[in-house]
Amino acid sequence: MNVLASLRNTHEVVAWLMVLLNGATGIWSLQAHRNKQFRVSALSWLTVIAQTMVVIHLFSGVAAASAENIEVPKFHMLYWAAAALSVGVIYGYRNQLESRKYLLYGFAGLFLMGLGIRSMVLGPI
């Protein structure tokens, strides 16, 4: 397998990991908002990993697109730019919404999952 195919495969695998992890943490966080027994430290770590996957996916896409010298569909770039900016906004509001942090991370995880699915459906690279 050559390096270009490897970059594209890595980009696709990271995309699915990002979608699944953010969906799982979103649902888990919403459950944690309603039921205190779901509020465990593993949720925080999984949320950090899921949101970090957004940035990793962004960089893997940039690497794959530049290595293959292809033009990425505009909506694909729009959704991933929105996802990366959203992670920054979520991080910025974490202290102000401390009393509702599980709602913040729950809806944010589902939102990021939706952006990932939408970008894969509209214009995969």
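Author: Let's start with Ser86. Ser86 lies in helix 3, residues 74-93. Helices here are DSSP runs (H or I, at least four residues), numbered from the N terminus.

Author: Some ground rules. This is a predicted model, where local features need pLDDT of at least 70 and side-chain atom pairs count only at pLDDT 80 or more, while totals for chains, interfaces and linings use all residues. Residues are numbered from 1 along each chain as its sequence is written, and side-chain values use heavy atoms, with hydrogens and water left out.

Reader: Is Ser86 buried or exposed?

Author: Ser86 is buried, because its relative accessible area is 15%. Buried means under 20%, exposed over 50%, partly exposed in between (1.4 Å probe, protein chains only).

Reader: Which residues is Ser86 in contact with?

Author: Phe111, Leu112 and Leu115, leaving aside neighbours within four places in sequence. Contact means heavy atoms within 4.5 Å.

Reader: New topic. Where is Gln51?

Author: In helix 2, residues 41-68. Gln51 is buried too, at a relative accessible area of 11%.

Reader: And what does Gln51 touch?

Author: Asn22, Val87, Ile90, Tyr105 and Leu112, not counting residues up to four places away in sequence.

Reader: How does helix 2 pass helix 4?

Author: In a left-handed crossing. That means the near helix is turned anticlockwise from the far one by less than a right angle; clockwise would be right-handed.

Reader: Which residues make that contact?

Author: Helix 2 gives Leu43, Thr47, Gln51 and Val54. Helix 4 gives Tyr102, Tyr105 and Leu112.

Conventions
Helix = DSSP H or I, 4+ residues; strand = E, 2+ residues; numbered from the N terminus.
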